[in-house]
Amino acid sequence: MSEEILKIEHLYKRYDDIPVLEDISLTVKKGETVVIVGPSGCGKSTFLRCINGLEDIQDGHVYLEDALINPASGESVQNRQRIGMVFQSYDLFPHKTVLENVILAPMKVQKRKKEDATEEALALLDRVGLSARKDSYPRQLSGGQKQRVAIVRALMMHPEVLLFDEVTAALDPEMVREVLDVILDLARNNSTMLIVTHEMAFARAIADRVLFLDGGHIIEDTDPGQFFDSPGTDRAKKFLQTFEYESVR
Amino acid sequence: MGFEVLFKGTNMLRLLGGLGAAMKISLISIAISISLGIILGMLMSMKKPVINAISRIYLEIVRIMPQMVLLFIVFFGFTKAMGLNLSAETSSIIVFSFWGTAEMSDLVRSCLISIPPIQYESSAALGLSKLQTYVYVIIPQIGRRLIPLSINLITRMIKTTSLVMMIGIVEVLKVGQQIIEANRKSSPNAAFGVFATVFLLYFLVCWPISTFSRYLEKKWAN
(Lines give C-alpha, C1' and ligand atoms only; values in the text may rest on other atoms or scores of the structure.)
Protein backbone atom coordinates (compact mmCIF):
# COMPACT_ATOMS: atom_id res chain seq x y z
CA MET A 1 0.00 0.00 0.00
CA SER A 2 1.03 3.58 0.82
CA GLU A 3 2.36 4.58 -2.56
CA GLU A 4 3.80 8.04 -3.03
CA ILE A 5 1.46 10.50 -4.65
CA LEU A 6 3.04 13.93 -4.26
CA LYS A 7 6.74 14.58 -4.37
CA ILE A 8 8.42 17.94 -3.95
CA GLU A 9 12.13 18.20 -4.63
CA HIS A 10 14.38 21.07 -3.61
CA LEU A 11 11.78 23.76 -4.04
CA TYR A 12 12.97 27.36 -3.92
CA LYS A 13 10.65 30.35 -3.95
CA ARG A 14 11.64 34.00 -3.87
CA TYR A 15 9.62 37.19 -4.08
CA ASP A 16 12.01 39.49 -5.91
CA ASP A 17 15.14 38.90 -3.85
CA ILE A 18 13.45 37.87 -0.64
CA PRO A 19 13.62 34.12 -0.14
CA VAL A 20 10.33 32.65 1.06
CA LEU A 21 10.96 28.93 0.72
CA GLU A 22 14.42 27.42 0.62
CA ASP A 23 15.18 23.91 -0.43
CA ILE A 24 11.91 22.29 0.57
CA SER A 25 11.62 18.59 -0.14
CA LEU A 26 8.65 16.51 0.85
CA THR A 27 7.05 13.24 -0.13
CA VAL A 28 3.40 12.61 0.63
CA LYS A 29 1.87 9.13 0.54
CA LYS A 30 -1.60 8.34 -0.69
CA GLY A 31 -4.18 8.78 2.05
CA GLU A 32 -1.82 10.73 4.26
CA THR A 33 -2.91 13.86 6.11
CA VAL A 34 -0.07 16.31 6.51
CA VAL A 35 -0.61 19.33 8.72
CA ILE A 36 1.68 22.29 8.23
CA VAL A 37 2.09 24.70 11.13
CA GLY A 38 4.39 27.61 11.78
CA PRO A 39 4.46 31.29 12.64
CA SER A 40 2.88 33.88 10.36
CA GLY A 41 4.96 34.62 7.32
CA CYS A 42 6.91 31.39 7.50
CA GLY A 43 5.87 30.51 3.97
CA LYS A 44 3.30 27.81 4.67
CA SER A 45 0.56 29.33 2.52
CA THR A 46 3.08 30.06 -0.22
CA PHE A 47 4.14 26.43 -0.06
CA LEU A 48 0.59 25.25 -0.79
CA ARG A 49 0.24 27.80 -3.58
CA CYS A 50 3.47 26.55 -5.15
CA ILE A 51 2.20 22.98 -5.13
CA ASN A 52 -0.92 24.12 -6.95
CA GLY A 53 0.99 26.20 -9.47
CA LEU A 54 -0.54 29.49 -8.33
CA GLU A 55 2.99 30.75 -7.67
CA ASP A 56 5.92 30.28 -9.97
CA ILE A 57 8.96 28.73 -8.36
CA GLN A 58 12.59 29.61 -8.91
CA ASP A 59 14.00 26.12 -8.60
CA GLY A 60 12.96 22.59 -7.82
CA HIS A 61 10.30 20.19 -9.02
CA VAL A 62 6.79 19.22 -8.01
CA TYR A 63 5.57 15.79 -9.09
CA LEU A 64 2.04 14.47 -8.87
CA GLU A 65 2.51 10.74 -9.24
CA ASP A 66 4.75 10.74 -12.28
CA ALA A 67 3.63 14.00 -13.82
CA LEU A 68 5.87 17.00 -13.42
CA ILE A 69 3.54 19.84 -12.49
CA ASN A 70 5.89 22.79 -12.15
CA PRO A 71 4.02 25.90 -13.18
CA ALA A 72 6.59 26.49 -15.91
CA SER A 73 6.29 23.02 -17.37
CA GLY A 74 3.06 23.92 -19.18
CA GLU A 75 1.41 20.76 -17.95
CA SER A 76 0.17 22.39 -14.81
CA VAL A 77 -3.12 23.45 -16.36
CA GLN A 78 -4.19 19.91 -17.21
CA ASN A 79 -2.95 18.60 -13.90
CA ARG A 80 -4.24 21.37 -11.74
CA GLN A 81 -7.71 19.86 -11.50
CA ARG A 82 -6.10 16.80 -9.92
CA ILE A 83 -5.23 18.99 -6.93
CA GLY A 84 -8.09 20.66 -5.09
CA MET A 85 -7.61 23.76 -3.00
CA VAL A 86 -9.72 25.61 -0.47
CA PHE A 87 -8.67 29.11 0.51
CA GLN A 88 -8.86 31.21 3.64
CA SER A 89 -11.04 33.93 2.21
CA TYR A 90 -14.42 32.99 0.87
CA ASP A 91 -13.81 32.39 -2.75
CA LEU A 92 -17.23 31.28 -3.98
CA PHE A 93 -18.44 32.94 -7.16
CA PRO A 94 -20.86 35.58 -5.84
CA HIS A 95 -23.06 35.69 -8.95
CA LYS A 96 -23.79 31.96 -8.89
CA THR A 97 -25.94 29.89 -6.57
CA VAL A 98 -24.44 27.21 -4.37
CA LEU A 99 -25.30 24.51 -6.88
CA GLU A 100 -24.00 26.52 -9.85
CA ASN A 101 -20.76 27.20 -7.98
CA VAL A 102 -20.27 23.53 -7.37
CA ILE A 103 -21.07 22.20 -10.87
CA LEU A 104 -19.34 24.90 -12.95
CA ALA A 105 -15.88 23.33 -13.09
CA PRO A 106 -17.06 19.72 -13.55
CA MET A 107 -19.16 20.84 -16.52
CA LYS A 108 -16.67 23.17 -18.13
CA VAL A 109 -13.35 21.51 -17.31
CA GLN A 110 -14.32 17.86 -17.22
CA LYS A 111 -17.19 18.26 -19.71
CA ARG A 112 -19.55 16.28 -17.53
CA LYS A 113 -23.29 16.32 -18.13
CA LYS A 114 -25.26 18.76 -16.05
CA GLU A 115 -27.59 16.10 -14.62
CA ASP A 116 -24.68 13.91 -13.67
CA ALA A 117 -22.77 16.74 -12.00
CA THR A 118 -25.92 17.94 -10.23
CA GLU A 119 -26.63 14.51 -8.86
CA GLU A 120 -23.17 14.21 -7.36
CA ALA A 121 -23.28 17.81 -6.12
CA LEU A 122 -26.52 17.21 -4.25
CA ALA A 123 -25.12 14.09 -2.63
CA LEU A 124 -21.99 15.95 -1.49
CA LEU A 125 -23.96 18.99 -0.31
CA ASP A 126 -26.11 16.63 1.68
CA ARG A 127 -23.02 15.14 3.26
CA VAL A 128 -21.96 18.58 4.54
CA GLY A 129 -25.53 19.37 5.60
CA LEU A 130 -26.23 22.01 2.97
CA SER A 131 -28.50 20.40 0.39
CA ALA A 132 -31.33 22.68 1.51
CA ARG A 133 -29.22 25.72 0.56
CA LYS A 134 -28.47 24.64 -3.00
CA ASP A 135 -30.33 27.58 -4.54
CA SER A 136 -28.96 30.19 -2.14
CA TYR A 137 -26.41 32.75 -3.21
CA PRO A 138 -23.12 32.94 -1.32
CA ARG A 139 -24.13 36.25 0.27
CA GLN A 140 -27.00 34.49 1.99
CA LEU A 141 -24.72 31.98 3.69
CA SER A 142 -22.67 32.19 6.87
CA GLY A 143 -18.90 31.99 6.70
CA GLY A 144 -18.87 28.39 7.82
CA GLN A 145 -21.48 27.41 5.25
CA LYS A 146 -19.49 29.14 2.50
CA GLN A 147 -16.38 27.21 3.42
CA ARG A 148 -18.29 23.92 3.40
CA VAL A 149 -19.57 24.75 -0.09
CA ALA A 150 -16.01 25.60 -1.13
CA ILE A 151 -14.89 22.18 0.07
CA VAL A 152 -17.67 20.50 -1.89
CA ARG A 153 -16.71 22.51 -4.95
CA ALA A 154 -13.14 21.25 -4.67
CA LEU A 155 -14.31 17.66 -4.08
CA MET A 156 -16.45 17.69 -7.21
CA MET A 157 -13.29 17.57 -9.32
CA HIS A 158 -12.28 14.30 -7.63
CA PRO A 159 -8.88 15.66 -6.76
CA GLU A 160 -6.15 13.24 -5.77
CA VAL A 161 -4.70 15.74 -3.32
CA LEU A 162 -6.56 18.39 -1.33
CA LEU A 163 -4.91 21.56 -0.07
CA PHE A 164 -6.47 23.56 2.76
CA ASP A 165 -5.04 27.01 3.32
CA GLU A 166 -6.14 28.24 6.76
CA VAL A 167 -9.74 27.57 5.86
CA THR A 168 -11.04 28.51 9.31
CA ALA A 169 -8.84 31.54 9.97
CA ALA A 170 -11.49 34.05 8.88
CA LEU A 171 -14.38 32.34 10.66
CA ASP A 172 -16.16 33.13 13.88
CA PRO A 173 -15.17 30.58 16.53
CA GLU A 174 -18.53 28.84 16.60
CA MET A 175 -18.33 28.17 12.87
CA VAL A 176 -14.87 26.68 12.93
CA ARG A 177 -16.15 23.37 14.21
CA GLU A 178 -18.62 22.70 11.39
CA VAL A 179 -15.89 23.18 8.80
CA LEU A 180 -13.26 21.14 10.62
CA ASP A 181 -15.75 18.30 11.08
CA VAL A 182 -16.10 18.09 7.31
CA ILE A 183 -12.33 17.86 6.93
CA LEU A 184 -12.13 15.22 9.66
CA ASP A 185 -14.72 13.25 7.75
CA LEU A 186 -12.53 13.44 4.64
CA ALA A 187 -9.56 12.17 6.63
CA ARG A 188 -11.58 9.17 7.75
CA ASN A 189 -12.18 8.40 4.09
CA ASN A 190 -8.45 8.39 3.43
CA SER A 191 -8.23 11.55 1.38
CA THR A 192 -4.72 12.81 0.77
CA MET A 193 -4.55 16.25 2.33
CA LEU A 194 -2.12 19.03 3.11
CA ILE A 195 -3.58 21.34 5.71
CA VAL A 196 -2.25 24.67 6.86
CA THR A 197 -3.94 25.63 10.11
CA HIS A 198 -3.63 27.50 13.37
CA GLU A 199 -6.09 25.19 15.12
CA MET A 200 -3.65 23.13 17.16
CA ALA A 201 -6.21 20.78 18.72
CA PHE A 202 -7.54 20.03 15.25
CA ALA A 203 -4.03 19.54 13.89
CA ARG A 204 -3.29 17.04 16.61
CA ALA A 205 -6.53 15.16 15.95
CA ILE A 206 -6.27 14.90 12.20
CA ALA A 207 -2.58 14.79 11.34
CA ASP A 208 -0.66 11.70 10.33
CA ARG A 209 2.35 13.95 10.09
CA VAL A 210 3.13 17.47 11.25
CA LEU A 211 5.49 19.76 9.41
CA PHE A 212 6.80 22.76 11.29
CA LEU A 213 7.89 25.52 8.94
CA ASP A 214 9.90 28.52 10.01
CA GLY A 215 11.92 31.00 7.97
CA GLY A 216 11.29 29.12 4.75
CA HIS A 217 12.64 25.79 6.01
CA ILE A 218 11.02 22.61 7.26
CA ILE A 219 12.26 22.58 10.86
CA GLU A 220 10.41 19.49 12.02
CA ASP A 221 8.69 16.64 10.25
CA THR A 222 7.29 14.22 12.80
CA ASP A 223 4.15 12.52 14.03
CA PRO A 224 1.69 14.73 15.91
CA GLY A 225 2.14 13.06 19.27
CA GLN A 226 5.82 13.78 19.33
CA PHE A 227 5.48 17.26 17.89
CA PHE A 228 2.92 18.48 20.39
CA ASP A 229 4.25 16.68 23.48
CA SER A 230 7.98 16.91 23.04
CA PRO A 231 9.02 19.02 20.07
CA GLY A 232 12.59 18.40 19.03
CA THR A 233 13.63 21.99 18.48
CA ASP A 234 13.53 25.13 20.61
CA ARG A 235 11.84 27.03 17.85
CA ALA A 236 8.95 24.59 17.77
CA LYS A 237 8.72 24.68 21.56
CA LYS A 238 8.54 28.46 21.50
CA PHE A 239 5.94 28.39 18.78
CA LEU A 240 3.72 25.96 20.69
CA GLN A 241 4.03 28.03 23.84
CA THR A 242 2.31 30.92 22.08
CA PHE A 243 -0.90 28.88 22.19
CA GLU A 244 -0.76 28.44 25.95
CA TYR A 245 -1.64 30.92 28.62
CA GLU A 246 -0.38 30.97 32.16
CA SER A 247 -3.00 31.45 34.80
CA VAL A 248 -2.83 34.81 36.51
CA ARG A 249 -4.37 33.47 39.71
CA MET B 1 -50.41 78.25 -19.54
CA GLY B 2 -48.85 78.42 -22.98
CA PHE B 3 -49.39 74.82 -24.05
CA GLU B 4 -51.63 75.90 -26.90
CA VAL B 5 -48.69 76.97 -29.10
CA LEU B 6 -47.62 73.35 -29.33
CA PHE B 7 -50.75 72.55 -31.29
CA LYS B 8 -50.18 75.34 -33.77
CA GLY B 9 -48.90 74.20 -37.12
CA THR B 10 -46.12 71.61 -36.91
CA ASN B 11 -44.72 72.89 -33.63
CA MET B 12 -44.98 69.59 -31.76
CA LEU B 13 -43.40 67.71 -34.66
CA ARG B 14 -40.58 70.25 -34.79
CA LEU B 15 -39.99 69.77 -31.08
CA LEU B 16 -39.82 66.03 -31.56
CA GLY B 17 -37.45 66.57 -34.47
CA GLY B 18 -35.22 68.56 -32.15
CA LEU B 19 -35.33 65.73 -29.67
CA GLY B 20 -34.33 63.40 -32.48
CA ALA B 21 -31.28 65.55 -33.27
CA ALA B 22 -30.24 65.45 -29.62
CA MET B 23 -30.80 61.68 -29.42
CA LYS B 24 -28.77 61.07 -32.55
CA ILE B 25 -25.77 62.88 -31.06
CA SER B 26 -26.27 61.09 -27.73
CA LEU B 27 -26.56 57.61 -29.17
CA ILE B 28 -23.53 57.89 -31.44
CA SER B 29 -21.44 59.37 -28.62
CA ILE B 30 -22.63 56.73 -26.18
CA ALA B 31 -21.75 53.90 -28.56
CA ILE B 32 -18.26 55.34 -29.12
CA SER B 33 -17.75 56.07 -25.42
CA ILE B 34 -18.71 52.59 -24.31
CA SER B 35 -16.50 50.81 -26.84
CA LEU B 36 -13.46 53.02 -26.34
CA GLY B 37 -14.06 53.25 -22.60
CA ILE B 38 -14.01 49.47 -22.21
CA ILE B 39 -10.74 49.20 -24.11
CA LEU B 40 -9.11 52.09 -22.25
CA GLY B 41 -10.39 50.84 -18.90
CA MET B 42 -8.85 47.43 -19.54
CA LEU B 43 -5.55 49.06 -20.47
CA MET B 44 -5.68 51.20 -17.32
CA SER B 45 -6.25 48.19 -15.08
CA MET B 46 -2.96 46.68 -16.28
CA LYS B 47 -1.11 49.26 -14.20
CA LYS B 48 1.47 50.22 -16.81
CA PRO B 49 3.12 53.50 -15.74
CA VAL B 50 2.96 55.19 -19.17
CA ILE B 51 -0.70 54.33 -19.74
CA ASN B 52 -1.51 55.40 -16.19
CA ALA B 53 0.18 58.78 -16.58
CA ILE B 54 -1.53 59.55 -19.87
CA SER B 55 -4.93 58.39 -18.72
CA ARG B 56 -4.66 60.39 -15.52
CA ILE B 57 -4.01 63.61 -17.41
CA TYR B 58 -6.87 62.77 -19.77
CA LEU B 59 -9.32 62.04 -16.96
CA GLU B 60 -8.24 65.15 -15.10
CA ILE B 61 -8.82 67.37 -18.15
CA VAL B 62 -12.30 65.94 -18.63
CA ARG B 63 -13.08 66.35 -14.96
CA ILE B 64 -11.95 69.98 -14.78
CA MET B 65 -13.33 71.28 -18.08
CA PRO B 66 -16.99 72.16 -18.31
CA GLN B 67 -18.48 70.36 -21.31
CA MET B 68 -19.49 73.69 -22.79
CA VAL B 69 -15.88 74.88 -22.84
CA LEU B 70 -14.86 71.67 -24.56
CA LEU B 71 -17.58 72.22 -27.15
CA PHE B 72 -16.38 75.75 -27.81
CA ILE B 73 -12.76 74.68 -28.05
CA VAL B 74 -13.53 71.98 -30.58
CA PHE B 75 -16.14 73.80 -32.63
CA PHE B 76 -14.78 77.37 -32.62
CA GLY B 77 -11.14 76.73 -31.68
CA PHE B 78 -9.92 73.64 -33.50
CA THR B 79 -11.86 74.26 -36.65
CA LYS B 80 -10.24 77.71 -37.08
CA ALA B 81 -6.82 76.87 -35.71
CA MET B 82 -6.35 73.74 -37.76
CA GLY B 83 -8.40 74.70 -40.75
CA LEU B 84 -10.66 71.70 -40.25
CA ASN B 85 -14.19 72.03 -41.41
CA LEU B 86 -16.07 70.23 -38.69
CA SER B 87 -19.82 70.45 -38.58
CA ALA B 88 -21.45 71.32 -35.28
CA GLU B 89 -22.79 67.80 -35.10
CA THR B 90 -19.38 66.17 -35.59
CA SER B 91 -17.87 68.54 -33.03
CA SER B 92 -20.52 67.58 -30.50
CA ILE B 93 -19.96 63.89 -31.10
CA ILE B 94 -16.21 64.37 -30.63
CA VAL B 95 -16.70 66.26 -27.37
CA PHE B 96 -19.30 63.92 -25.92
CA SER B 97 -17.25 60.86 -26.86
CA PHE B 98 -14.14 62.48 -25.37
CA TRP B 99 -16.03 63.01 -22.13
CA GLY B 100 -17.93 59.72 -22.14
CA THR B 101 -14.86 57.63 -22.90
CA ALA B 102 -13.06 59.13 -19.91
CA GLU B 103 -15.91 58.39 -17.52
CA MET B 104 -16.58 54.97 -18.97
CA SER B 105 -12.93 53.93 -18.78
CA ASP B 106 -12.81 54.96 -15.13
CA LEU B 107 -15.89 52.85 -14.42
CA VAL B 108 -14.44 49.85 -16.25
CA ARG B 109 -11.12 50.20 -14.45
CA SER B 110 -12.74 50.43 -11.02
CA CYS B 111 -14.95 47.40 -11.74
CA LEU B 112 -11.98 45.37 -12.97
CA ILE B 113 -9.81 46.07 -9.96
CA SER B 114 -12.74 45.47 -7.61
CA ILE B 115 -12.72 41.76 -8.51
CA PRO B 116 -10.66 40.14 -5.76
CA PRO B 117 -7.61 38.15 -6.95
CA ILE B 118 -9.01 35.11 -5.13
CA GLN B 119 -11.70 34.86 -7.83
CA TYR B 120 -9.00 34.28 -10.45
CA GLU B 121 -7.05 31.97 -8.17
CA SER B 122 -9.93 29.77 -7.11
CA SER B 123 -10.99 29.45 -10.74
CA ALA B 124 -7.46 28.42 -11.65
CA ALA B 125 -7.38 25.97 -8.76
CA LEU B 126 -10.52 24.33 -10.15
CA GLY B 127 -8.75 23.84 -13.45
CA LEU B 128 -10.65 26.50 -15.41
CA SER B 129 -8.62 27.94 -18.27
CA LYS B 130 -7.96 31.69 -18.50
CA LEU B 131 -10.67 32.08 -21.11
CA GLN B 132 -13.19 30.04 -19.10
CA THR B 133 -12.35 32.08 -16.01
CA TYR B 134 -13.15 35.30 -17.84
CA VAL B 135 -16.28 34.00 -19.55
CA TYR B 136 -17.91 32.26 -16.59
CA VAL B 137 -16.51 34.02 -13.55
CA ILE B 138 -15.01 37.46 -14.15
CA ILE B 139 -17.04 39.08 -16.94
CA PRO B 140 -20.45 38.22 -15.41
CA GLN B 141 -19.34 39.85 -12.17
CA ILE B 142 -17.97 42.92 -13.93
CA GLY B 143 -21.13 43.22 -16.01
CA ARG B 144 -23.29 43.24 -12.93
CA ARG B 145 -21.32 46.10 -11.45
CA LEU B 146 -20.76 47.98 -14.67
CA ILE B 147 -24.18 48.01 -16.33
CA PRO B 148 -26.05 50.06 -13.69
CA LEU B 149 -23.12 52.50 -13.48
CA SER B 150 -22.89 52.95 -17.23
CA ILE B 151 -26.64 53.46 -17.54
CA ASN B 152 -26.26 56.32 -15.12
CA LEU B 153 -23.55 57.77 -17.38
CA ILE B 154 -25.81 57.34 -20.42
CA THR B 155 -28.64 59.36 -18.88
CA ARG B 156 -26.20 62.09 -17.91
CA MET B 157 -24.90 62.20 -21.48
CA ILE B 158 -28.41 62.43 -22.90
CA LYS B 159 -29.26 65.32 -20.60
CA THR B 160 -26.06 67.18 -21.35
CA THR B 161 -26.71 67.16 -25.11
CA SER B 162 -28.93 70.17 -24.44
CA LEU B 163 -25.65 72.14 -24.49
CA VAL B 164 -25.16 71.57 -28.22
CA MET B 165 -27.61 74.35 -29.01
CA MET B 166 -24.80 76.67 -27.94
CA ILE B 167 -22.88 75.79 -31.10
CA GLY B 168 -25.89 76.16 -33.31
CA ILE B 169 -27.42 72.71 -33.44
CA VAL B 170 -31.16 72.90 -33.60
CA GLU B 171 -32.01 70.41 -30.92
CA VAL B 172 -35.10 70.24 -28.75
CA LEU B 173 -34.28 73.19 -26.49
CA LYS B 174 -33.41 75.40 -29.47
CA VAL B 175 -36.62 74.47 -31.26
CA GLY B 176 -38.46 75.36 -28.06
CA GLN B 177 -36.85 78.78 -28.01
CA GLN B 178 -37.72 79.35 -31.66
CA ILE B 179 -41.35 78.47 -31.02
CA ILE B 180 -41.50 80.85 -28.08
CA GLU B 181 -39.94 83.67 -30.11
CA ALA B 182 -42.26 83.17 -33.06
CA ASN B 183 -45.34 83.27 -30.86
CA ARG B 184 -44.27 86.10 -28.59
CA LYS B 185 -47.23 88.27 -29.58
CA SER B 186 -50.00 85.69 -29.87
CA SER B 187 -49.16 83.67 -26.76
CA PRO B 188 -46.87 85.53 -24.38
CA ASN B 189 -47.03 82.63 -21.89
CA ALA B 190 -45.59 80.09 -24.32
CA ALA B 191 -42.31 79.77 -22.38
CA PHE B 192 -43.86 77.76 -19.59
CA GLY B 193 -45.74 75.39 -21.84
CA VAL B 194 -42.86 74.82 -24.20
CA PHE B 195 -40.16 74.30 -21.61
CA ALA B 196 -42.45 72.10 -19.54
CA THR B 197 -42.91 69.97 -22.65
CA VAL B 198 -39.15 69.86 -23.22
CA PHE B 199 -38.75 68.75 -19.61
CA LEU B 200 -41.36 66.08 -20.16
CA LEU B 201 -39.63 64.83 -23.30
CA TYR B 202 -36.28 64.47 -21.51
CA PHE B 203 -38.06 62.80 -18.64
CA LEU B 204 -39.73 60.32 -20.96
CA VAL B 205 -36.38 59.37 -22.45
CA CYS B 206 -34.30 59.19 -19.26
CA TRP B 207 -36.79 57.88 -16.73
CA PRO B 208 -37.28 54.40 -18.25
CA ILE B 209 -33.51 54.04 -18.58
CA SER B 210 -32.79 54.90 -14.97
CA THR B 211 -35.71 52.78 -13.76
CA PHE B 212 -34.25 49.86 -15.65
CA SER B 213 -30.88 50.53 -14.05
CA ARG B 214 -32.38 50.55 -10.57
CA TYR B 215 -34.15 47.31 -11.35
CA LEU B 216 -30.87 45.67 -12.42
CA GLU B 217 -29.06 47.02 -9.40
CA LYS B 218 -31.61 45.50 -7.09
CA LYS B 219 -31.69 42.23 -8.93
CA TRP B 220 -27.92 41.83 -8.87
CA ALA B 221 -27.24 43.22 -5.40
CA ASN B 222 -24.38 41.24 -3.96
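The crossing of helix 1 and helix 4 of chain B is right-handed; the term applies if the near helix is turned clockwise from the far one by less than a right angle, and left-handed if anticlockwise. Helices (H or I, at least four residues) and strands (E, at least two) are DSSP runs, numbered from the N terminus. The helix 1 and helix 4 contact in chain B holds 16 nonpolar, 9 polar and 2 charged residues. Here Ala, Val, Leu, Ile, Met, Phe, Trp, Tyr, Cys and Pro are nonpolar, Asp, Glu, Lys and Arg are charged, and the others, Gly among them, are polar.

The model is predicted: local features need pLDDT of at least 70, side-chain atom pairs count only at pLDDT 80 or more, and totals for chains, interfaces and linings use all residues. Residues are numbered from 1 along each chain as its sequence is written, while chains are lettered from A and ligands numbered from 1 in the order in which they are written.

B:Phe75 lies in helix 3 (residues 67-81) of chain B. B:Phe75 counts as buried because 24 C-beta neighbours lie inside 10 Å; the cut-offs are 20 or more other C-beta atoms within 10 Å for buried, 12 or fewer for exposed, and in between for partly exposed, with C-beta atoms placed from the backbone. Beyond four places in sequence, B:Phe75 touches B:Leu86, B:Ala88, B:Ser91 and B:Ile167. Contact requires C-beta atoms, placed from the backbone, within 7 Å.

Between the chains, 17 residues of chain B are in contact with 18 residues of chain A. Helix 5 (117-125) and helix 6 (130-160) of chain B each supply at least two residues of the chain B side. That side has 8 nonpolar, 7 polar and 2 charged residues.

In chain A, helix 3 (residues 98-108) is mostly covered, with 8 of its 11 residues buried. Among them are A:Val98, A:Leu99 and A:Asn101. The cover includes helix 4 (114-127) and helix 5 (143-155) of chain A, together with helix 6 of chain B.

Chain A also has an open, antiparallel sheet of 4 strands in the order 2-1-4-5. Strands pair if DSSP finds at least two bridges between them. Strand 1 (residues 4-15) and strand 2 of chain A pair over 8 bridges.

Definitions and conventions:
Two residues are in contact if their C-beta atoms, placed from the backbone, lie within 7 Å.
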